[in-house]
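User: Hey, can you walk me through this one? I'd like the overall layout, then a few residues up close.

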Amino acid sequence: MKKNLIILAVAALAVFASCSDKKAAQSVVDKDSVSVVDNTASEDDNLDLTSVAGTYEGTFPAADGPGIKTVLTIKADSTYQLEQDYVDQKNGHDEASGVFKVLDGNVLMLVRPSSGEHTFYKVKDANSIVMTDSVGNEPEGETAKFYVLKKKK
């Protein structure tokens, strides 16, 4: 009988300890998330969104076709609309809209609400943006020029 009580007590203690560890880990994650939001919010002030707002167009390279015609509309209220059509593909249309954040003063991080996926664009000048990786590195080499979207006039 005592043996069963000891086993039960150890099991209850293990369950209690595992729940406490998850709660502590969640607190750490929550604090990190808050600091990221605070950092990006202060960086928004570095870019004048009214000057960036507009519709940008271009055709990105595609591995399995002639390209991806891309139209990206950036709005001054930190929202975006993205339309992509895979050239010469029957069911190759994709649309997304959502919000974006400004990172490092000139990198737009577009957040796709349905999946949480992020896409990054660097503001080059008043008339062009370029797709980048997550830290703002631009493509290099012969195909680099194909990742630039030009502002529609």
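**Gln 81 and the rest of the fold**

Analyst: Let's start with Gln 81: leaving out residues up to four places away in sequence, Gln 81 touches Val 71, Leu 72, Thr 73, Glu 95, Ala 96 and Ser 97. Keep in mind that this is a predicted model.

User: Where is Gln 81 placed?

Analyst: Gln 81 sits in strand β3.

User: What does the side chain of Gln 84 make a polar contact with?

Analyst: The partner is the side chain of Thr 70, at 3.3 Å. Thr 70 is also on the list of residues that Gln 84 touches, along with Phe 60, Ile 68, Lys 69, Gly 92, His 93 and Asp 94, again not counting residues up to four places away in sequence.

User: Ok, zooming out. How many helices and strands does the chain have?

Analyst: There are 2 helices and 8 strands. Going from the N terminus, the order is α-α-β-β-β-β-β-β-β-β.

User: How much of the chain is buried?

Analyst: Of the 153 residues, 28% are buried. The chain exposes about 10,100 Å², and carbon and sulfur atoms supply 56% of that.

User: Which residues have the most contacts inside the largest nonpolar core?

Analyst: Those are Leu 72, Ile 74, Tyr 80, Phe 100, Leu 108 and Tyr 121, in a core of 20 residues. At least two core residues come from each of α2 (49-52), β1 (54-62), β2 (65-74), β3, β4 (93-103), β5 (107-111) and β6 (118-125). Another core, of 5 residues, lies apart from it, and its members include Leu 103, Met 109, Val 111 and Phe 120.

User: What does Leu 108 touch?

Analyst: Beyond residues up to four places away in sequence, the contacts of Leu 108 are Leu 47, Val 52, Ile 74, Phe 100, Lys 101, Val 102, Thr 119, Phe 120, Tyr 121 and Val 123.

User: New topic: how many aromatic pairs are there?

Analyst: The structure has 1 aromatic pair. The ring centres of Phe 60 and Tyr 147 are 5.8 Å apart and the planes are at 25°, so the pair counts as stacked.

User: Where do Phe 60 and Tyr 147 lie in the chain?

Analyst: Phe 60 is in strand β1 and Tyr 147 is in the loop between β7 (128-132) and β8 (148-151), so this pair links distant parts of the chain, 87 residues apart. Phe 60 is buried, at 4% relative accessible area, whereas Tyr 147 is partly exposed at 22%.

Technical notes: Residues numbered from 1 in each chain as written. Predicted model: local features only at pLDDT ≥ 70, side-chain atom pairs only at ≥ 80, totals over all residues. Heavy atoms only, no water. Polar contact = N/O pair within 3.5 Å; in protein donor to acceptor, adjacent residues only side chain to side chain. Contact = heavy atoms within 4.5 Å. Core = buried A, V, L, I, M, F, W, Y, C linked by side-chain atoms within 4.5 Å. Buried < 20%, exposed > 50% of the residue type's maximum accessible area, 1.4 Å probe, protein only. Helix = DSSP H or I, 4+ residues; strand = E, 2+ residues; numbered from the N terminus. Areas by Shrake-Rupley, 256 points an atom, 1.4 Å probe, with all protein chains shown as cover. Phe/Tyr/Trp six-rings, centres within 6.5 Å; stacked < 30°, edge-to-face > 60°.
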